[in-house]
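Reader: I'd like to learn how to read a domain interface and a ligand site. Could you walk me through them?

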Amino acid sequence: MIPRVLAIDDNSGILNDFRKILMPSCNADSGDLEDIEGALFGSVTAAQPSSHCDLFTATQGEQGFELFNKERLIQAFDVVFVDMRMPPGWDGLRTIREIWNVEPNQFIVLCSAYSDYSFAELRAVLGNTPNFLILNKPFAVDEVLQIITSVVERESDQTRSDKHMAADLRVAIEDGQLSTMFQPLIDLATGATVGFETLCRWEICNKPIAYPDQFIDVAERYGLIRELGAFVISEAAAMAKELLPGWQNKNFPLVTVNVSPKQLDSSIVDLLNSLTAKTGIPVGALGIEITESGDIASDSMCVGIIRDIQAAGFHILLDDFGTGHSCLANLYKVPFDTVKLDREFCMGLPQCESAALLLQAFGKLLTQLGKTALVEGVETSEQESMVRSYGYNIAQGFYYSRPIRRQIAIERFFDDKNRSDSRAA
Ligand code: G
Ligand code: G
Ligand code: MN
């Protein structure tokens, strides 16, 4: 892949030199600027054909940021070079801050001819990030090429492809390309659908662009999980509003939504409250599934926010319990209403005796702790009978349904309700 580079400098002579170094096959304006080129870079003939980059240039900070913001949506930049002083507009520091504001992992090289700030001062102002370098002017051709080569090579193929996925995902979020599916949650006592888990999808014409396991992880690492989460939560609230007339089991939410611990900041409580106020759904109709990644119980900020969400009236579920970072202390230190046993256990049934024993013991424990016990991954009627006998309240799995589209989910919910109504009558 050809490295993508942006150079922002108010000296058009320097930009021209960047063109000569990085786009040797294109003829930059030659002639009048060749004199200063020698002074700054030495000979540009050192550039090899392999040094070819996709180069973008701007002469002012604002203009450079606008170009960055537009082009990053098409493809991420590998390196951005920013001049320190660019009167009359934004200086280098302001420009860098604006760029990091929209793309926190962008690798940036600050080019400075003057020691306006010491390296330590710049670090103090800009924060300690590995994605930052200072290049003192005048610099040599080789230095520019080496920086670009090392940044590009430093990144494994995986990192580069993640970075591109992050750029695409940002566009997908902004352009409304994400969608949601809903998987039924079944009351094991009555067999009725009591609610749905909301699951995010990234598809075009029903073909996945990427699976949630991949893009949720990328969203978390590239600062996109809040925007993605806000979309999914608003879809969940809209779904809950549709289902509201059929809500019977008020101890259990109509719709749940996955929230990763990285989304847990104080803004999430405001977001949830404003959505319930806007849609008019009772807060208890929404459930928040907290994925068990890391040790939530020892993270006092995380626990505090979960408590705030619960105090506001939302139902809290602990997701994927029993695998990964499962911490038993979560069961009493964090106020979960429902615990979802990871599908791994149920999928071991009926052959695996240990899985059966663990499920049985956890079922009993959760009941004694006063939690709603939900088991995931039910794929057969035999598994269903077993988990029902172990005291689980709610089940989820392919035996009942795969995640389905919203309209189908709504029809199924009200069909189920009609059936259970006629059973009761
Ligand atoms: O739907 P699927 O089984 O492919 O989902 C894979 C994983 O992605 C699940 O563990 C699920 O919790 C997670 N996931 C799906 N949608 C969302 C979402 O909207 N937000 C978060 N944080 N995780 C999600
Ligand atoms: O981790 P979380 O509970 O969010 O995962 C939900 C995902 O688990 C769903 O999107 C779905 O794709 C998957 N899932 C749900 N039920 C089953 C099941 O019975 N078997 C398998 N293999 N996967 C399931
Ligand atoms: Mn989940």
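Author: Gladly! Across the interface of domain 1 and domain 2, the rule finds one salt bridge (a side-chain nitrogen of Lys or Arg within 4 Å of a carboxyl oxygen of Asp or Glu). The side chains of Glu103 and Arg170 meet in a salt bridge, at 2.9 Å from N to O. This is a predicted model, where local features need pLDDT of at least 70, side-chain atom pairs count only at pLDDT 80 or more, and totals for chains, interfaces and linings use all residues. Residues are numbered from 1 along each chain as written, chains are lettered from A and ligands numbered from 1 in written order, and side-chain values use heavy atoms, leaving out hydrogens and water.

Reader: What area is buried between domain 1 and domain 2?

Author: The size of an interface is often given as the accessible area lost when the parts come together. Here about 670 Å² is buried (accessible area lost, 1.4 Å probe, summed over both parts), with carbon and sulfur atoms giving 47%. Arg72, Leu73 and Asn105 supply 53% of the area that domain 1 buries against domain 2.

Reader: Which residues have N or O atoms in the side chain at 2.9 Å or 3.3 Å from an oxygen atom of ligand 1?

Author: For such pairs, a polar contact is a pair of N or O atoms within 3.5 Å. The side chain of Arg201 has an N or O atom 2.9 Å from an oxygen atom of ligand 1, and for Asn258 the distance is 3.3 Å. Taken alone, ligand 1 exposes 500 Å² (Shrake-Rupley method, 1.4 Å probe), and the protein buries 80% of that.

Terms used: Buried area is the accessible area (1.4 Å probe) that two parts lose on being put together, summed over both. A polar contact is a pair of N or O atoms within 3.5 Å; within protein, one must be able to donate a hydrogen and the other to accept it, and residues adjacent in sequence count only if both atoms are side-chain atoms.
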